Amino acid sequence: MNPTRSILIVTLTLGVTLGLTACQRGDGQITTLNARIPAAPPGAGVMAGYLDLRNGTQQALRCDAVSGPDFGAAEIHRTVVEDGQSRMLREQIVEAVPGAIVSLAPGGLHLMLFRPQRELRAGDQTVLTLRCGDTAVSATFQIQDLH
Amino acid sequence: MKTVIIPFSRRLPGTPPELFVTNVTAKSSPSKTIAFAFAGALALIGGILAATWFNTPATTRVASGTLLQQPRVLPPLSLIDENGQPFDVDQLKNRWTLIFPGFTYCPDICPTTLALLKNVQGQLGPKAEKLQVALFSVDPERDTPERLKEYVHYFSPSFRGVTTPEPNLKAVAQALGVAYAKVPGATPETYTMDHSAALILINPRGELAGYFTGPLQAPALVADLQQLL
């Protein structure tokens with residue numbers, strides 16, 4: 001193996017290792033990923049918001065409220081299917097231990113967004129803010145085509 | 001050869017119970033022999049039929065759920081469709097129908113399921129014409145025909161939306177095997193509805209043919225429907 005290639009491989013390995021270590025330790029940030037709201041049929045009184053919430057801090061994260069200027073009200077819900085029954089629970093809490101990523105996804109935890117104040121079409125954006133104790137976590141949600 | 005049972009009174013002292021039944025040779029006429037053979041054959045056939053009947057399960061598993069061995073005849077439904085027109089068992093005939101119990105104020109699992117059904121419909125190709133999809137709203141309080149029409153047509157112009165006010169809602173839900181319950185929310189208008197998650201399959205005779213149970217996956221549903229349609 002030529003020396004240049006060896007140096008390149010060692011550098012890359014070191015870089016990846018250091019990167020992974022930084023991820024495991026956490027970067028002290030709460031980050032949001034993949035924040036999205038499926039477009040709803042015209043006149044829909046309620047929509048659902050989904051995102052991945054990453055707790056990069058050393059403290060447990062507990063969010064218990066959500067709000068946004070484009071919705072009359074918002075809550076944190078969880079869909080569960082038990083004994084063949086689909087139920088929507090007003091969970092009102094999203095928790096993430098240090099280093100964890102919590103996914104709000106269809107068929108599970110989601111943001112229940114009541115009374116859209118304007119028509120939100122695929123391609124539009126809207127901001128929602130999660131209240132997590134003293135911390136406010138805001139994310140820009142993309143309105144996505146359901147199909 | 002003839003089998004006889006020795007009466008209890010003729011049991012010899014010390015005879016073990018298994019010797020109660022024994023074979024003895026006796027003379028009999030040919031017609032009697034034929035009659036006995038015929039009766040025996042009949043009994044054998046009857047036994048086999050009975051065993052088959054009792055061993056037949058009430059349902060058959062398919063990839064996405066369960067089919068009833070004996071489809072269930074539905075009573076009159078007296079539903080209202082998305083155009084405000086009567087929708088009854090006649091509207092279920094001459095095609096297969098998938099009924100999805102839900103409501104339009106359900107932003108999570110209901111649109112996800114209807115989008116999945118739209119996807120399934122697309123994958124069925126020409127056979128899709130033999131399949132009708134209907135949202136059966138368990139929330140007639142908010143789901144007017146106009147609202148149902150807007151909602152289901154957003155997914156596909158061929159989707160139907162049906163409902164009925166109480167107390168008929170309860171009767172129809174019972175006939176379809178659907179359970180539902182109203183759950184209060186923070187404000188009167190934010191209540192939600194618990195409802196059965198399974199899709200109901202209706203055959204072209206308008207009979208309840210089975211249930212597709214979750215978690216619903218498009219490929220498995222398509223494979224099942226390709227066989228049925």
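Begin where the two chains meet: the contact takes 22 residues from chain B and 24 residues from chain A, two residues being in contact if their C-beta atoms, placed from the backbone, lie within 7 Å. This is a predicted model, in which local features need pLDDT of at least 70 and side-chain atom pairs count only at pLDDT 80 or more, while totals for chains, interfaces and linings use all residues. Residues are numbered from 1 along each chain as its sequence is written, and chains are lettered from A and ligands numbered from 1 in the order in which they are written.

**The side of chain B that touches chain A**

Select α2, α3 (145-155) and β11 (192-196) of chain B, the elements that give two or more residues to this side. Helices (H or I, at least four residues) and strands (E, at least two) are DSSP runs, numbered from the N terminus. α2(B) gives the most, with five residues. By class, this side of chain B has 11 nonpolar, seven polar and four charged residues. Here Ala, Val, Leu, Ile, Met, Phe, Trp, Tyr, Cys and Pro count as nonpolar, Asp, Glu, Lys and Arg as charged, and the others, Gly among them, as polar.

Next select β6 (residues 85-89) of chain A together with β11(B): two bridges join these strands, which run antiparallel. Two strands pair if DSSP finds at least two bridges between them. A:Ser86 stands opposite B:His195.

**The sheet of chain B**

Colour the strands β3-β4-β13-β12-β7-β8-β9 of chain B, which in this order form an open sheet of seven strands with mixed pairing. Its edge strands, β3 and β9 (160-162), each pair on one side only.

- β3 (residues 59-62) and β4 of chain B form a hairpin with two residues between them; the pairing is antiparallel over four bridges, and B:Val62 has B:Gly65 as its bridge partner.
- β4(B) is joined to β13(B) by five bridges, again antiparallel, with B:Arg72 partnered by B:Leu208.
- β12 (residues 199-202) of chain B pairs with β13(B) in the antiparallel sense over four bridges, and B:Leu199 is partnered by B:Phe212.

**Helix α5 of chain B**

Select residues 218-228 of chain B, helix α5, where B:Leu221, B:Val222 and B:Leu225 are buried. A residue is buried if 20 or more other C-beta atoms lie within 10 Å of its own, exposed if 12 or fewer, and partly exposed in between. The face turned away from the buried side carries the exposed residues B:Pro219, B:Gln226 and B:Gln227.

**The core**

Now show B:Phe100 and its contacts beyond four places in sequence, among them B:Leu117, B:Leu135 and B:Leu199. B:Phe100 is among the residues with the most contacts inside the largest nonpolar core, which has 78 residues. Such a core is a set of buried Ala, Val, Leu, Ile, Met, Phe, Trp, Tyr and Cys residues joined through C-beta atoms within 7 Å. Its largest share, six residues, comes from strand β2 (residues 46-55) of chain A.

**Last stop: B:Pro76**

B:Pro76 is in the loop between β4 (65-73) and β5 (79-80) of chain B. This proline counts as exposed because it has 12 C-beta neighbours inside 10 Å. Beyond four places in sequence, B:Pro76 is in contact with B:Asp88 and B:Val89.
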